[in-house]
Structure formats: structure tokens, C-alpha cells
Amino acid sequence: MVDATAIEIARAVNAREISAADLAGRALARIAERDGEIGAYLAVTGELARRHAERVDAAVRDGKSLPLAGVPLAIKDNMCLTGTPTTCASKILDGWIAPYTSTAVQRLLDAGAIPLGKTNLDEFAMGSSCENSALGKTANPWDRGRVPGGSSGGSVAAVAAGEATVATGSDTGGSIREPAAFCNVVGFKPTYGRVSRYGLIAFASSLDQIGPITKTVADAALVYDLMAGRDPMDATTVDLVPEPALPALRADLRGVRIGIVKEFGLEKLDPGVRAVYERAYADLQKLGADLVEVALPTADYGIATYYLIAPAECSSNLARFDGMRYGLRVEGADVGSTYERTRAAGFGDEVKRRILIGTYALSSGYYDAYYVRAQKARTLIADDFRRAFASCDAIACPAAASPAFEFNAKADPVSMYLMDYYTIPMSLAGLPSLSVPCGYVIPEGGRYPMPLGLELSGPLFAERSLLGIAHAYERATLHAQARAIPEIVAPVGAA
Amino acid sequence: MASGDIDVAYVAKLARLALTPAEIEKFGVQLGALLEHVDALAALPVSDVAATAQVIAASNVMRADVAVPSLDRETVLDGAPKREGAYFRVPRIIGVEA
Amino acid sequence: MSATVESAAKPALLVNGVPYEVVMGIECHVELKTETKMFCGCRNVFGAEPNTNVCPVCLGMPGALPVPNEKAIELVVKAGLAFGAEIPAFSKFDRKNYFYPDMPKDYQISQFDMPLTQGGVVPFWLGDGTHGSCRLTRIHLEEDTGKSTHASHDGRIAGSTYSLVDFNRAGVPLMECVSEPDIRSGAQAVAFLESLKRTFVALGISDVKMEEGSLRCDVNLSLRPIGRAEYGTKTEIKNMNSFNSVGRAIESEVARQVAVLEGGGRIVQETRGWDEANGGTHSMRNKEEAHDYRYFPDPDLTPIEFASADVTRMRAELGTLPAEILTRLISSDKLRPEQAHQMVDSPGLFAYFSDVVERCGKPQAVVNFVLGDLSRLANESSTPVPESNVTPEALAELVGLVEAKTINSKTAKELLTRLWAKGGSPNAIVAAEGLGQVSDTGAIDAIVAEVLAANEKTAADYRAGKTKVLGFLVGQVMKQSRGTANPTLAEERLRALLDVCG
């Protein structure tokens, strides 16, 4: 039962075939048994899990039916959960216990999900490999010499390794989609403004979104339906009643037009990787989809645009980590030197780099040339997508150019930034976008077949249609069902 | 659009980050590389383009002027790096923006 | 452009013999009278136990987000409309980034280039009855910071060993009013501030209590020779905690700048703090160290857009503006400025006054009674005038009787005291008790004759040239008539009869 989907588990718990308490116990045991090797969790909240499970079982006994009854949930540690340390994988939040819970997480808990613990991430969600965590290392369950991707590496590894059924992730430039692709799970980033950011520790305010990480598209639709919707605590949530995505999942793609982006030509990829995507596109056609060529001429400017806007916003969002009201303080002779020492000791290199470049991009004399110009480039990118979606219902492309790489393979920061090439443009335009498993390739020098993800993106607010398309592809191709393979291929405890 | 030498020491000061000379140099090189990449934006024709002010166009999102419960003070001060009674205690303020 | 002051030229300020003028602009921060803070639902209230009105948002905790208070926005717009400002259709919030321990996010949410209101004019009256005005540049909305107290022997930052911070005030909605440099004297500065205060209090926008910090103001001050267009170097004066201090600080700083210039020195552009205890300003920091606030539009907030129908509605909700009332009272009704100000400041008293004037006209006479005898009686008995036994109808009658010279002012005063105690109608009382002022010449002559007969020596003194004793004789006539004689007529008849018999 621990390896069932969220939909299956909720049904069974509501039908009283198994108890939430029982399931929580088994999930926690699975974590105890495996996480030493994987390192997905920074903190396990056993007591909290047991209490929530008891409440769910009591509600179910009372005749209530909860959409996520008993479903084991892992929470990315940049989302506040009352009474738990919330670290963002950073030393600067050492000791801070969140006094409130993020809205999106609360909605899942209210729906009956059981919080197992907080998962590892790149520090403050800045990174594409989870290597920037200051508090721990997470390994890809498919090959523990490789990264799980980032920044939601811990959440993705937890689901992939069977240490949680669903997890929350956050995506700013690809932080749900890229790791989901690396670990063979489904990762979904909704349209900007669909899910509340209240309680999500901000990285880039105009880009951050919370989304589900699950084993199946149907589970992602269920979790999304529960998370989405206006929140009075977040002024950027949209005032649109979300149409439930779960009932709209479809069996085939007849009548669906899938856009293939000219600029994302597969010829740029390694032959093994290319073959997987060519087959994925062919599979879409076999399901009845029409493949249409679309152009995103400014997509190439995505990384430059993103790496001005996101750091600019983060430089302001992270100013509050100053040693005065919570978290780490490294005391200096006066307040000025306390700020400097605290932030020097508390932030890792990648965070510092982004704060520096962001501060620079906003500074007097550079604001127009950098920040404003980047926001204009952003408009062009969004316009490109609007034009593209005039002729297709969804765009398909690789989620990443290659499978998970080895630890320390991308020491140069800019080479790491390029990992987000296919995910950043959608983030800049605020579009809903997901990664669904689409095949495997054995990387050069690698031992095990590593997963690849197909990225599907839709127009603004088209979650229902997008999840429907992804579901059809997933059901027909079953790459997601190879979740048991990590156990066979790279068993926990093996060399 | 200017690229090139970012005055890391000055920017670090603005951002209240203490950096060692080695870090200043290292970050200078790394950020210089990023800025070279970013320079590509100079090629884009943006003179007639409006900057994206908001990702999703909306306006007038506000709340009513109605009080809600505040946090419990002990919870708040428990998390403070230093407290004195009912207050947050901070180091002396000299030579800082006021 | 200077504040329009319709008055005779005042004596010029001289610097080395050259006529100079003082040029000032004022920036005020006014805390708004809302239930809750600007971006969260914590209570906006002065004097609470430290750090009890705080939440993740106003403490700048990780993951918290701001949501604007609609009432605060409305109050700023109304403040602008009260002074004829323009309300742009589109306005937004920006982040002003800087580090300070009382700043929970180390950025302040404010408005940079698209404030809620632009322009406007603040009118004011000086004590001498002259009217002036000062243009506003803008009024914008921002959030207040926490409050820090410093551990030092004198409570000042300099020399302190550490500080304590209370975040109750952090996030309170703050209106920043920026004026053009139209102000030319300390008296104008104070009149400008009082006009702001009067308007904000009357419209329920703010309590404006400087001693509680709900109004803070900075004065930018420079000197220049009269006739020169360029501005002199300005200093910014802070730390004044009453309108009185503002006047004195301006006086002190003008004197200081004059002394510097007369000594051949140059004014340094800087911020100077007013020292209440020592009565002078001291340099706080060099203003040339401009801070790079790295303003950018706050991505957590949506812009504010007004349809013209909204603006029309808000303007209508303001009703009659204090400035309009003052103009009528001072220009038409000829009240003195301080009387008119008191009327506007006390709505209850003003309503009473207006009621009386509607019945009998004579606003100057009415206001004299209301602010004079009636207010004195009110203080003594702790009963507000409108709640007293003196109905507007009664006061109107009383004023009518005085104006018709039916009773004299002494009688009127006595009547007022009786009305305060027991109510009633002055017309009725005067008729019933025959208190009407005696103005019949014959009757007066009879009393005059009696008085002269009883005071032969005094009468002789008068005729001998001691004209001062006339006052005594008038008093005797009044006494003899039990106060009902028309004193003017009494004096006239006394003179006439004394001279005749002389």
C-alpha cells in the first residue's frame, strides 16, 4: 500500500480498508530504512504524522470522506509548517521554528494528507541539483552517484524512492520540472497565481509557484485541485475559480495539437537522449495528436532574462535575513557589522552570487540597463508563447537536455544555469508546465539507465487541458510505472 | 548596455555581505561570466516594448480594514536571537542608514 | 513661487545688509486612523504592550506577504482630494531597499514614481488675518517602521551600547505629504501644519498627535537673496515634536545660517536634529551621502486603479471641507482666524453656532458669546455648550436683544448665567422683569438729576476740569437704575446736564 498512488490510498482509507495510522507507520519505517542512503529528508515529523493520522482516522470513522485521506506527504523545507523548523536548507535560518503554516500545505493537510517531514532543497531554492543545500546531500534514487536535480531535489527523491506518496515542490525557473525529470516522477508547476505563495519562503516573487510532485498525473491533478484557488493572504493569487482538473483527464489525444518548438531542435542533444524524445513525439502522434511546428524566437534569451529578474527580486526578498529578529546571528561590534557577518556566515556561495548580481541589477545607474531591459525581454518571450498557442493546445519539449549528472559535474555556475534552458521561458511567461516521465538513457560513463522527462506546457490557466494531455501520454507509455526500478537497479545498501 | 567589471566590494556593501578579498575576486570572475551571457539582451529590440509589470494582469487586490488576532508574543520573542524582556535586543546602531 | 500671502511687505531679513528670504518645504509623515496596519490585520493602536500587535507579515518573517488595507488607500485619496489634488488613474507600490534594525523586511513598501495623489494646495490663515497657501507636490502611502529605544545615558543613539526594538508600529499606514518650497516664515510653517492637522482631524483621516508620533515632520530650509531664482543650499531639520518646536527650530536654524553666511562661510547640505533642551540644531549626518534605495515595483502587490466614478464618490463623501468653512467664516462672516479655527476644530460647538446664526444672523456677536461666556460656563460646569440649558433659540433671542440695544452687555451676561442654570427664554424674562435697558431720554434725565443732586462735590470737580470723574458718575447712574440704563445715553445726558449747569 505504501507504493500505491494517492488516489488509491485515499479511497482505501476512506473505505476503512486500511487506517491512516497504519499507513503513516509504514511510511515512516520506509524512511527510516532508506533515507540514510538517499538523504531526501532534512527532518522527519513522526509525532506530527501520527497526530494527523489519528485525526484522519477519527474523521473517517465519523463518516467523513477526505480527498487525501491518509496520503503520506513530504513538504519541501522552504514551506512553513507550524511548530517545525523551516530551514530553506540554509544556516541562516538555524533554529527558526515557523509560527504558521503555508496556505497550500494547510489545504493539503485539511484534505487529510499526513505530513511525514521536510525535504532537502538547494539553499533558498537556488540551484538545479540540490548540491547547494547547506544542510545535507540528497542522492538520486536511480544512481546515488548522481544528483536528484533541484531545487526540489529532496521532494522528488522522496517520491521516487517510495518515501512519500506525494510531495510539495516549488518552481521558479524549473525547480519542480527538472528534478522530476531526473527522478522519473511527475512534477507540475501551475500558472503563476493559481496557488498561494503565503508561507512559501520567497526566492523570486514574480516567478515562484508551489506545485505537486507525484507518481502519476492523476495524483498531480488531485493535489493541484486541492491547492489551487484565491488566498486572501496572497495578493497575487488570481480571482478565478479553478476548474477541477481531475475529472478532465483524457484517454487519447485526438483533436489535440501539440506544438514542437523550432528553436528546441532535438539535433542539439546527445544521440541517446535525442532518440528518447523522438519516440516521445511519435507516441504523442500515435495517440492522435497533430504535431505542429511553433517558433519561440526569443526563448534563447530566457536564461539571461531570468538571471537578472530572479536575483534582483531575491536580493530584496533575502534582505530580511539579517540576524535581528530570527535565525542565525553572528554578533559584531555594532549592527552594521552584525548584518555583514551574519549574512556572510549564513548564506552559501550560490545565494551570495545571486544577491550580488541582483543588487547590482537594481542599483543606481544599472536599473534601466539590466532590470528594466530584462522585464522587457520577458514581455517579448510571453508574446512569443501567446503567438505559439494560437496554433496549438500544448507545447512539448525536453524538460532537460540530459539526464541527471554526477555530483560536482557542474562546478561552473553558468553551466549549472544552462540546465534550466527548457524550463525558464515558461516560468517567465507564468505558464502552467509539467514534466512527465518519457524514457531512459544510460549516460556516458554511467552504470544505470537514467530517466528523462517530457515537458508539456500550456497557455495561461489551461491546467485542466494540460493535465488531461499529460495523463493520456502517461497512461499509454507507462514510463512512470518503472518507479520500482530504482530498487532493482540501485538497491539501497548496495555499493 | 554596460557589461564587464562589477564592483563586487561596493555591491557587497549595499547588500550587507562581508566578503574576503579572495571571495571578491572569485565572485567578480563568476559574475563577470554571467554578465557576459546577459549582454546578449542588448541585441533584443525592446525600445517599443513595455516592461512586464505583472505576470498576470490584475489590479486593486486589497483587504478590508478588519482586525485579526496577532501572534503570541512569547512565540515571537522565543525565536529572537537576543531579547530583553518584551523587546528584541539588537547591537548598537552606528554609521547605519536611518 | 512663494506662498501667496495677501499682506503688506514684512521687514526683510538682512544678511550683510542684503535682503534675504527664507525658503522652506515641509515633509510630513502622518499615521492614518485605521483599525489595522497597512499590509496585515494587526491592530493599529498607540500605547499597547510592546510586540503584542505583530504577525509574520509585519515582522518580516520568511514566507509572509503583504495585502494592502483598502481603508488606508481611501484615506490618502481623501486627504489629497481635500486639498484639490489630482488622483491619477494608475498608482503602484514600490520597494525602498535599505537595512535598519526597525525595518522588518529591510525594505519599506512605499510609492516612488506613481503616488496616490499629485499636486494640491494647502490654504491657511495667519493670526493677523492674512491668507496664505502652499502647494503640495504629492501625497503617497507607505508603511511605518518599528520603534527603537537606545540604551544610553540620554536615550540617544550616539554613545548607546545596544538598542531595543518594538514592532507594534511596524506596518502602520503612513501618509507622506510633501510640499513645494513655498513657505516663507515660521508662522507660515506652523499655520500650514495646523491647516493639515485641522483637515485630517475633521475628515477622520488621522488624529495627528505629534506627541504620540502620529505626525512627524521635517523642514527643508534654505536662504537666498530676494529676487534670485536659484535656491540656496538647504538643510533638513528633524526631531521637532510639537508645532511650537517647529517654529522655534526654524527661527534657530535661520539665525544659524545667517551667522554662517555673514561670517563668509557656506551652508553645508546636511540633516540637522532639533535639540529641544538646548534650543539649537546639531548636525546628524552629511546629506550628500545619498542612499541607493534600489526602488523597484513590488511584485507582491497589484497596482491601484481608480475609475473617475470612484474619485467622484470619494470627493462627495468628504462633504464640506474645513477650508471652505474657514473661508466663509473669515471672509464673509468676518470672524478672526483663531475664532474660525476653533469653530472648525470643535464640530459640536460649530453646529451650535451655526444654528444660532441661522436664527439671528450676527455671526461675530454669536461667536463672542459662544467662545467667551458660554465656553467659560461650560468649563466651570463640565457641561458642553450644546448640551447646556442655553438653547440656540435662547442665545439667538439674547443676541437679538443686545443688538436692538434693549439690554446692555452687563445685563446680557447676567441673563446668560441664569439661562445656563435654569434655561428659559430671554425675551420672556426681560419682559417679565422689566430688564429692558432704559433708553428713554426723559427717564435717564430723571436719574441723572438724582445722581447729580447726591454728588454735588463730584459734579463741581467735573465742572472744574476733572473730567475723569465722569466715569464715577456714569457708574452711579447705572447703580441707581439697577443696571438698566443705557450707559452710552447715560454718559451723554450727564455731560449735557453738567455742562448746562456749569
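**Conventions.** I am working with a predicted model, in which local features need pLDDT of at least 70, side-chain atom pairs count only at pLDDT 80 or more, and totals for chains, interfaces and linings use all residues. Residues are numbered from 1 along each chain as its sequence is written, chains are lettered from A and ligands numbered from 1 in the order in which they are written, and side-chain values use heavy atoms, with hydrogens and water left out.

**Chain A with chain B.** I first looked up the contact (heavy atoms within 4.5 Å). Chain A contributes 60 residues and chain B 54 residues. I then took the buried area, meaning the accessible area (1.4 Å probe) that two parts lose on being put together, summed over both. Chain A and chain B bury about 4900 Å² between them, with 72% of it on carbon and sulfur atoms. Which three residues supply more than any other three of the area that chain A buries against chain B? They are Glu340(A), Leu356(A) and Arg373(A), with 14% of that area.

Next I checked salt bridges (a side-chain nitrogen of Lys or Arg within 4 Å of a carboxyl oxygen of Asp or Glu). The rule finds 4 across the interface of chain A and chain B. One salt bridge joins the side chains of Lys352(A) and Glu23(B), at 3.9 Å from N to O. For polar contacts I used pairs of N or O atoms within 3.5 Å; within protein, one must be able to donate a hydrogen and the other to accept it, and residues adjacent in sequence count only if both atoms are side-chain atoms. Across this interface of chain A and chain B, 14 residue pairs are in polar contact, both at pLDDT 80 or more.

Elements here are DSSP runs numbered from the N terminus: helices (H or I, at least four residues) and strands (E, at least two). On the side of chain A that touches chain B, two or more residues each come from α9 (302-317), α10 (335-346), α11 (349-362), α12 (368-388) and α13 (413-417) of chain A. The largest share, 11 residues, is from α12(A).

**Chain A with chain C.** Here the contact takes 37 residues from chain A and 30 residues from chain C. The buried area is about 2600 Å², 60% of it on carbon and sulfur atoms. I found 1 salt bridge across the interface of chain A and chain C. The side chains of Asp300(C) and Arg197(A) meet in a salt bridge at 2.9 Å, N to O. Polar contacts between chain A and chain C come to 17 residue pairs, both at pLDDT 80 or more. The elements giving two or more residues to the side of chain A that touches chain C are α9, α10 and α11 of chain A.

**Helix pair.** How do α9(A) and α11(A) cross? Their axes (lines fitted to C-alpha atoms, for helices over the stretch in contact, with angles from 0 to 180 degrees between N-to-C directions) come within 7 Å and cross at roughly 95 degrees. α9(A) and α11(A) are therefore roughly perpendicular (65 to 115 degrees). Residues in the contact include Tyr307(A) and Leu308(A) of α9(A), and Arg354(A) and Ile355(A) of α11(A).

**Backbone.** Most residues other than glycine have a negative phi, and most peptide bonds are trans. I noted a cis peptide bond between Gly150(A) and Ser151(A), with omega about 10 degrees. Ser151(A) lies in the loop between β3 (114-119) and α5 (153-160) of chain A. Phe124(A), a residue other than glycine, has a positive phi near 55 degrees. Phe124(A) is found in the loop between β3 and α5 of chain A.

Technical notes:
Angles under 35 degrees count as roughly parallel, over 145 as roughly antiparallel, 65 to 115 as roughly perpendicular and the rest as oblique.
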